[in-house]
Amino acid sequence: MTGQATRYEILEKLREAEGGLVSGGELAAALGVSRTAVWKQIAALAEEGYRIETAANKGYRLLGGDVYSGYEVSRRLQTGRLGRPLIFLETVDSTNEYVKKIAAEGAADGTVVLARRQTSGRGRLSRQFESPPDSGVYLTILLRPDIAVADLTLVTLLAAVAAAGAVEELSGVRPGIKWTNDLFLGGRKICGILTECAVEGESGRVSYAAVGIGTNLLQEEGDFPEELRGVAGSVRMGSGVKVAPADYAAALLRHFERLFFGEKFPENREGLLARYRKDLFFLGKEIRVVGLREEYPAVALDIDGEGRLLVRREDGTVTALNSGEISVRF
């Protein structure tokens, strides 16, 4: 048994005691290691953030500790495919970039990469996504779906619905969605989604998709850079609830798996779009469309069957937007 395996076996023994003391001798005998080895692993658990009381000549008691790690996410997983395997990184430039690399090397469908911190997190249009450690969940899901490129927009929509569901489950408050890929709570952005892919040249089918989801959970106003204050938010700021990152990561993957695999995407297109449409908070309102070639005011009308945003211009014509940015007044 490796040191890390022994460490988490000890942790689970302490959890089973439900706040009671467990002697070092009892732990050593149960795991077939020395008392010194138990003491070393207890120290390692404390270093990870677990609060463990040591009572002289009596044993150890687990007092708690909200630890975010690959182990804590894995033990919460209730999925059959997503997060199996799960890769947890302390620091990475971008989970999307990491997944694209391992996808090219043959990584399996359903692989999930999480990072405690990203140094170069990206959103749409190559915008930077702030990713401070232990404040949010930054993950990318690797999919190898049998779908056409045209369906990728719907994958992003599906990710938004899954993230909104996970936030609501854990905080009691459901975020609104701003087309196509941002979640808002209390008028501030709390989550961004970036879907990237590789396409097979001959068939035009998707070889793999990297679905990156970054969610702010625990930040307060002062944690954001000056230029983002008043714009960026977190689940804690918007709901008053401290959502543990490990709980959120596991819930997000469960919601995503149910929508994608359980409902056999894209067969669930109509139901998915209905749920997505319900979460949009700006339909019927005046917006500003910012495209590559033009910028204009419009009224947001609806989402069509392809996930495109239907807007009515000032001259009355209706346009279906495949891409671009929209600005919404709160």
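Let's start at an open spot: E18 is exposed, with a relative accessible area of 73%, where exposed means over 50%, buried under 20% and partly exposed in between, using a 1.4 Å probe and protein chains only. The model is a predicted one, so local features need pLDDT of at least 70 and side-chain atom pairs count only at pLDDT 80 or more, while totals for chains, interfaces and linings use all residues. Residues are numbered from 1 along each chain as its sequence is written, and side-chain values use heavy atoms, leaving out hydrogens and water.

**Backbone points to look at**

- E18 has a positive phi of about 50° although it is not a glycine, and it sits in the loop between α1 (3-16) and α2 (24-31).
- Helices (H or I, at least four residues) and strands (E, at least two) are DSSP runs, numbered from the N terminus.
- N57 is another residue other than glycine with a positive phi, near 65°; its loop lies between β1 (51-55) and β2 (59-64), and at 86% relative accessibility N57 counts as exposed.
- W179 and T180 are joined by a cis peptide bond with omega of about -5°, and T180 belongs to the loop between β6 and β7 (182-185).

**The chain as a whole**

- The protein chain has 9 helices and 14 strands, and its C-alpha trace spans about 80 × 45 × 35 Å along the principal axes.
- Of the 330 residues in the protein chain, 48% are buried.
- Among contacts (heavy atoms within 4.5 Å) with a separation of 6 or more, 62% are between residues 24 or more positions apart.
- The accessible surface comes to about 15,500 Å², and 46% of that belongs to carbon and sulfur atoms; areas come from the Shrake-Rupley method with a 1.4 Å probe, and for residues only the protein chains shown count as cover.
- The 42 positive and 45 negative charges have mean positions 2 Å apart.
- Lys and Arg count as positive and Asp and Glu as negative, without His and the chain ends; each charge is placed at NZ of Lys, CZ of Arg, CG of Asp or CD of Glu.

**Nonpolar cores**

- A nonpolar core is a set of buried Ala, Val, Leu, Ile, Met, Phe, Trp, Tyr and Cys residues joined through side-chain atoms within 4.5 Å.
- The largest core has 68 residues, and L114, I141, L143, F256, I287 and L309 touch the most other members.
- Helix α6 (residues 152-171) gives the largest share of this core, 13 residues.
- A second, separate core has 16 residues, including L11, V22, L31 and I52.
- Beyond four places in sequence, I287 touches residues including F282, L309, V311, I326 and V328.

- K178, in strand β6 (residues 176-178), is buried yet has no salt bridge, meaning a side-chain nitrogen of Lys or Arg within 4 Å of a carboxyl oxygen of Asp or Glu.
- The nearest side chain of opposite charge to K178 is D182, 4.1 Å away.
- Leaving aside neighbours within four places in sequence, K178 is in contact with F184, F281, F282, E325, I326 and V328.
- V206, in strand β9 (residues 206-216), is buried with a relative accessible area of 3%.
- Not counting residues up to four places away in sequence, V206 touches P145, I147, A148, V149, L152, C197 and A198.
- The C-alpha atoms of V206 and L185 are separated by 33 Å, with the two residues 21 apart along the chain.
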